[in-house]
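User: I am new to this structure and would like a close look at one part of it: the places where side chains pair up within a single chain. Could you walk me through them and say how covered or open the partners are?

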Amino acid sequence: MIEVSGCVACGRRLFPARLRCPLCGGFEFLAFYVEAGTVEGVTSLVHTLGQSLTAPVYLGVLLVAENVRVLARIDGPVEIGSVMALSFNGETLIAAQRT
Amino acid sequence: MTFDGAVIAGAVEVPYRRRPEGVTTLSLFRDAFRLVLADAEIDAGEVDGLAIASFSLAPDRAINLAWHLGLTLRWSMEDTHAGASGINMLQHAVRAVQCGDASVVVVVAADHQLPGDFTDMVNNFSSVARKHLAPLGYGGPNALFSLVTQAHMRKWGLAREDYGAVCMAQRAWAAGNPLAVYREPLTMDAYLNAPMVAAPLGRFDCVPLVSGADAIVVTRGRPGVRLRALRARHNFDQQDGDGLVTGLRGIAGDLWAEAGCDPAAMDLVSVYDDYPVMVLVQLADLGFVGDDVKWFIAERLAPRGLPVNTSGGQLSVGQAGAAGGLHGLVEAVTQLRGRAGGRQVPDARLAAVSGYGMVEYRYCLCANAVVLERAV
């Protein structure tokens, strides 16, 4: 699961975290946890910064709550609409097939 | 408040180059400064305002550059809004001149970056990039805008060929620009068969990293290009959207009302072209496209009936870091002064220019636009 912040005043979920809620202006937040997201897009990065990669890096954008989308590494090509489990591997946000 | 009195009296580009030898960011700033004052026929001793943008000037700042150039200033600023920096600096410089805080402002941007510099920059572009993008191995904005492009393709029923047509049209314009890094015609086969970068983006969808500089002079009481309207909207959607709308959508109505004209009156348009999808998004937000994007590409952009990015844009000229934020502005001023040579739009009188920049998490935060008019 991953941590997203939620505004104490209005409940709005945010990722990445903010200093002030863009919806109600609140400054107080609590941590909430999200276990999964729905894939809205995925790309295979094969060339970056002047170098070809030895293996594609799959990056996806996943909807995890209303208006909240996260970017995550995916271990391979997946269908748009797939629901995937989310976790942090060290600092890297990972989306994996649900088992 | 109108823009009366202030004019853009000079505009130059120091030729962009791929990995040039013997160049530094400071030398590019020097060259742009010297060239733009010559272009405007203004003596350096008259300059009392300086606005700069650069990713690679650090640890120097605007005032350090002023010292290097021997300038004594009444007004100084440094802008960090990347693809929106050119119009942002123009916005401030015009007001400074109108209000008397400065009389001659040189607005200049330059960058000389090597691939290693670029890697460091994109991984530390912001606190969010450092914490949430760099660990993904995202490698810069290509991966992010591949996702934006995918969403755009789904929304409008477009194919890779449609974005190829955008790139080909700009390359055709570049053929008339001796300063463009890439001038040879681009074919659809070459576009489609180029190495993939991040699906669906291939090599020709991604701006090549170059070194270069751009500059304009803002002053009053001289011949020059004048502003009809300028508007900006930054962080308009809190990054809640899909990246297919920019802040330009919200300012277009006021922009055209202030300008006293509409998109159909424009003789040319410069939009910030880090990726072809963003060319289409900005043109749509400004009111040039209508409801049929595919038709617009085939009937207006591809045959170059609507002159868009007539320099060839950054997709052909290259992206010189923060200088890219001034590139479209310099091209529009060059066209309105009738100095565009083989790519000159006949009798160009009005131009629209937009800026777009500053990736936060999934797309950019900043957008602005200006309508320019040839001096009569």
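Analyst: Let's start with the words for cover: a residue is buried when its relative accessible area is under 20%, exposed when it is over 50%, and partly exposed in between. Please keep in mind that this is a predicted model.

Over all chains, the structure holds five aromatic pairs. One of them joins F55(B) and F125(B), with 5.9 Å from centre to centre and 55° between the planes, a tilted arrangement. With a relative accessible area of 28%, F55(B) falls between the two cut-offs, so it counts as partly exposed. F125(B) is partly exposed too, at 23%.

W256(B) and F288(B) make another aromatic pair, this one edge-to-face, with 6.0 Å between centres and 75° between planes. Here helix 9 supplies W256(B), and the loop between helix 10 (276–286) and helix 11 (293–301) supplies F288(B), 32 residues apart. W256(B) is buried at 9%, and F288(B) is buried at 11%. There is also a cluster, in which ring pairs link F145(B), Y275(B) and Y356(B).

Now for the charged side chains. The whole structure has 20 salt bridges over all chains. One of them pairs E331(B) with R343(B), whose closest N and O atoms are 2.7 Å apart. E331(B) is in helix 13 (residues 324–336), and R343(B) is twelve residues apart from it, in the loop between helix 13 and strand 10 (350–359). Both partners are under the 20% cut-off and therefore buried: E331(B) has a relative accessibility of 4%, and R343(B) has 10%.

D347(B) and R374(B) bring their closest N and O atoms to 3.0 Å. D347(B) is in that loop, and R374(B) is in the segment after strand 11 (364–373), 27 residues apart. R374(B) is partly exposed at 25%, whereas D347(B) counts as exposed because its 60% is over the 50% cut-off.

R349(B) and E373(B) form a further salt bridge, their closest N and O atoms being 3.3 Å apart. R349(B) also belongs to the loop between helix 13 and strand 10, and its partner E373(B) is in strand 11, 24 residues apart. R349(B) is partly exposed, with 35%, but E373(B) is buried, with 7%. These two belong to a network of salt bridges that links R226(B), R228(B), R349(B) and E373(B).

Q239(B) is in the loop between strand 8 (225–232) and helix 9 (248–259), and it is buried at 9%. Its side chain reaches the backbone oxygen of Y363(B) at 3.2 Å. Beyond its neighbours within four places in sequence, Q239(B) is in contact with E360(B), Y361(B), R362(B), Y363(B), C364(B) and L365(B).

Conventions: Residues numbered from 1 in each chain as written. Chains lettered and ligands numbered in written order. Predicted model: local features only at pLDDT ≥ 70, side-chain atom pairs only at ≥ 80, totals over all residues. Heavy atoms only, no water. Helix = DSSP H or I, 4+ residues; strand = E, 2+ residues; numbered from the N terminus. Buried < 20%, exposed > 50% of the residue type's maximum accessible area, 1.4 Å probe, protein only. Polar contact = N/O pair within 3.5 Å; in protein donor to acceptor, adjacent residues only side chain to side chain. Contact = heavy atoms within 4.5 Å. Phe/Tyr/Trp six-rings, centres within 6.5 Å; stacked < 30°, edge-to-face > 60°. Salt bridge = Lys/Arg side-chain N within 4 Å of Asp/Glu carboxyl O.
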